[in-house]
Amino acid sequence: MNKVSTILFALAILVILSALAAITFGPADIDSTQLLNCLVGTCQNQIANIVIWQVRIPRVLVALVAGMGLAIAGAILQNTTRNPLADPYLFGIVSGAGLGATIANISLADNLTIALPLAAFLGALFSVVIVVFIAKVLQRMEQLLLAGVAVSFMLASITQFILYFGEPFATNRVIFWLMGSLARVEMSNFYVIASILIIAMITVFALHRQIDALLLGDESAASLGVDVDKLRLLMLGICAALTATIVAYCGGIGFVGLMIPHIVRQLIGVTTLKLIIGSALIGAIFLIWVDVIARSSLPHAEIPIGIITSALGSIFFLFIMYRSRAIT
Amino acid sequence: MSTLLNISGLSWRVPNKAILHNINFNVSKGEVIGIIGPNGAGKTSLLRCLTNQANILASKNISGSVQLKNRPITQYSAKAVAQHFALVMQKNDTIFALSVQDVMKMGLLPHKTLFSLDNDHDKAQIALALSKVGLSHALNSHFNLLSGGEQQRVLIARALVQASQILILDEPTNHLDVYYQHQVLQLVNKLNITVIMTVHDLNLASLYCQRLLLLNQGELICDGSPKEVLAPKQLSQVFGLPCQQSVDAITGATQVSFYLKDTNIRASHFAESLSE
């Protein structure tokens, strides 16, 4: 086994161990023997059994796939736009989701369990459609990122306008939702995110050479037979669907897509196949543990997960700037 | 020699300007062709049309035909075109830390299916191509940290992995010092494949190309051997400077020198006399 596969193998084992360890954290006291017993179906404590299967496992599994999804969305966007700062959040996906959630909160307050994720998803897709439309009209697919930033601010200002004049209770709900949390996730959320994740992974595995070809420039990729615009659009669509679904269930969890691929590039490599697998694994480990911090650092409350990822992300950002200053 | 490429009646008009005007020429297998001409003459535009990049020939501004092996190039898929043409561009800066190996692997793309991974045969091909350009030791180096000449050689090696029959180079000697200019062009000559390149330096073009195409304002002014194309009268008209042809004592190649207008001394002497 070469160095890269050794690292990936070790990371895969770490993902499994992290997930198992994360199940033991929480208000109800569950130790590792109880956990193992309940996992293999020989549980003596009925309450522990219910907590594990209905609360902890769905939550850890959603953290796992959400971490994977956000990280690979970032990795795909960074490689297809050749921009190391590309992130699903910069494409207006989250502000679109925020607008959708706000409208749902204000107008459909009775049916929020279904309406909120759905509206957030539609909002996210709406913003991506606008971003792509603008880039198409300008005939410059390389300016997707700038268009994304513009759309992001536009949608955020609409959201703030609605919130400012909206009912305070609904406003609070939206603000808390935007901070991100895995407290209300269910097993069904895991299945939905996982299926989109699998579709995204298969597509990237199929097209990994094409995406790699983009790394040396659009002209170079075109000369190797790649339809650059089509490929970029397809990848953006996949990232949008992935992020929108995750944001719809978990709220705003920023910086994962920006941070994780950077670590992977240092550790494993820059080409797409390595980057995607590495990002998926490290992203999963990262979000599982951040969620553990979110639910166990305060005695009787949870910290919204997005606050922690943003705090870590901004420190990380400064660290990257410091490092790149050291290189040049 | 069999005809690989046939360009006939190729024109590219935009409002108020002809980028290319009625270009006709053939390319035979094994030729090394240099495209020369002043800035804005249409050299790079012509290269883009030859490879039908981004399906440019479908544009309504472009008329005429480019035939590859007696079939319109527009009938080839992008992948098939990539199997015939390899392109070495002027600038290739990537922001990510790509290794030479990563860049070389890109050359495999036109021959690979979806999902495919690299096999031992691919690795052997990459090693062989790198050894042909004298960079076997650089397999794991960072592409961005190589010198300009080494980067050009890696891209030429990538073109070898791509196994295309025609190598297209856009200003391969730009930004290179004299040593690397000659090294890259000698390498290109030794590969025994068909080469079409744009070259700014007329004396380098004359030394390393069997055939030159002189473009000016979108028109093909002259197509022939360096001696024919670099005729002083013609060059003076195109470049707007008086010019004289000579034969290099060592290489035997046709060489040209330009003079500044209205002076009878060489440009370099002129500069010297100014600085004194």
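## Exercises on a predicted two-chain model

Chain B of this predicted model is divided into domain 1, residues 3-230, and domain 2, residues 231-276.

**Exercise 1.** Describe how domain 1 of chain B and domain 2 of chain B are placed and where they touch.

*Solution.* Begin with the separation: the C-alpha centres of the two domains of chain B lie 29 Å apart. Next, take the contacts, in which 15 residues of domain 1 of chain B meet 11 residues of domain 2 of chain B. On the domain 1 side, α7 (202-208), β9 (211-216), β10 (219-224) and α8 (226-229) of chain B each supply at least two residues. Finally, sort that side of domain 1 by class, which gives 9 nonpolar, 4 polar and 2 charged residues.

**Exercise 2.** Characterise the side of chain A that touches chain B.

*Solution.* Start from the contacts between the chains, where 21 residues of chain A are in contact with 23 residues of chain B. Then locate the elements of chain A: α8 (187-214) and α9 (218-223) each supply at least two residues, and the largest share, 6 residues, comes from α8(A). By class, this side of chain A divides into 10 nonpolar, 5 polar and 6 charged residues.

Notes:
Residues numbered from 1 in each chain as written. Chains lettered and ligands numbered in written order. Predicted model: local features only at pLDDT ≥ 70, side-chain atom pairs only at ≥ 80, totals over all residues. Contact = placed C-beta atoms within 7 Å. Helix = DSSP H or I, 4+ residues; strand = E, 2+ residues; numbered from the N terminus. Nonpolar A, V, L, I, M, F, W, Y, C, P; charged D, E, K, R; others polar. Domains from an automatic or database assignment.
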